Amino acid sequence: MNRLIHIGFGNIVNTEKIIAIVSPDSAPIKRLVQKARELGTAVDATQGRKTKSVLIMEGGQLVLSALLPETIAGRAQSGEDEGEET
């Protein structure tokens, strides 16, 4: 069964599709995000807040989140599902 985690503001992702969770601060990640925006493969789940993490998904999509990478990774490892709000 697919596990889902909350990545902020009511947005949920499938943990089995996540390849990496990275900080958006480095130049290579900024270029990757810009390219994904141009190609239409970026999903902005920040609700207008500052992007604090980028989830790289299978299939090449990027999901931008306003939560820290450590927070998302902790939720993925703890087994928290979409029904739990923290």
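Colleague: In which loop of this predicted model is the place of Gln47?

Modeller: The model is a predicted one. Gln47 has a positive phi of about 55° although it is not a glycine. The place of this residue is in the loop between β4 and β5.

Colleague: Which residue in the turn of the hairpin formed by β1 and β2 has a positive phi?

Modeller: Strands β1 and β2 run antiparallel and are joined by 4 bridges, and His6 stands opposite Ile12 in β2. The hairpin leaves 2 residues between the strands. The residue in the turn with a positive phi, about 55°, is Phe9.

Colleague: Is Phe9 buried, partly exposed or exposed?

Modeller: Phe9 is found in the loop between β1 and β2. Buried requires under 20% relative accessible area and exposed requires over 50%. Phe9 has a relative accessibility of 39%, so it counts as partly exposed.

Colleague: How many of the 5 residues of strand β1 are buried?

Modeller: Strand β1 covers residues 4-8 and is largely enclosed by the rest of the structure. Together with β5 and α2, it is one of the elements that each supply at least two residues of the largest nonpolar core. The number of buried residues in β1 is 4.

Colleague: How many residues make up the largest nonpolar core?

Modeller: Members of this core include Ile5, Ile7, Val13, Leu55, Met57 and Val63. Leaving aside neighbours within four places in sequence, Val63 is in contact with residues including Ile7, Val13, Ala45, Leu55 and Met57. Apart from this core lies another, of 7 residues, among them Ile29, Val33, Ala36 and Ile56. The largest nonpolar core has 10 residues in all.

Colleague: What distance does α1 reach from its first C-alpha to its last?

Modeller: Helix α1 spans residues 27-39 and has 13 residues. At 1.5 Å a residue, a reach of 18 Å is expected, and the helix comes close to that value. Just after the helix, Gly40 takes a positive phi of about 80°. The reach from the first C-alpha of α1 to the last is 18 Å.

Colleague: Which are the edge strands of the open sheet of 4 strands?

Modeller: The open sheet has mixed pairing and the order β3-β5-β6-β4. Each edge strand pairs on one side only. Neighbouring strands of the sheet are turned by 20° against each other on average, direction ignored. The edge strands are β3 and β4.

Colleague: In β6, which residue is the bridge partner of Ala42?

Modeller: Strands β4 and β6 run parallel and are joined by 3 bridges. The bridge partner of Ala42 in β6 is Leu62.

Notes. Residues numbered from 1 in each chain as written. Predicted model: local features only at pLDDT ≥ 70, side-chain atom pairs only at ≥ 80, totals over all residues. Heavy atoms only, no water. Expected span 1.5 Å × (residues − 1). Buried < 20%, exposed > 50% of the residue type's maximum accessible area, 1.4 Å probe, protein only. Pairing = 2+ DSSP bridges. Core = buried A, V, L, I, M, F, W, Y, C linked by side-chain atoms within 4.5 Å. Contact = heavy atoms within 4.5 Å. Axes fitted to C-alpha atoms, helices over the stretch in contact; angles between N-to-C directions.
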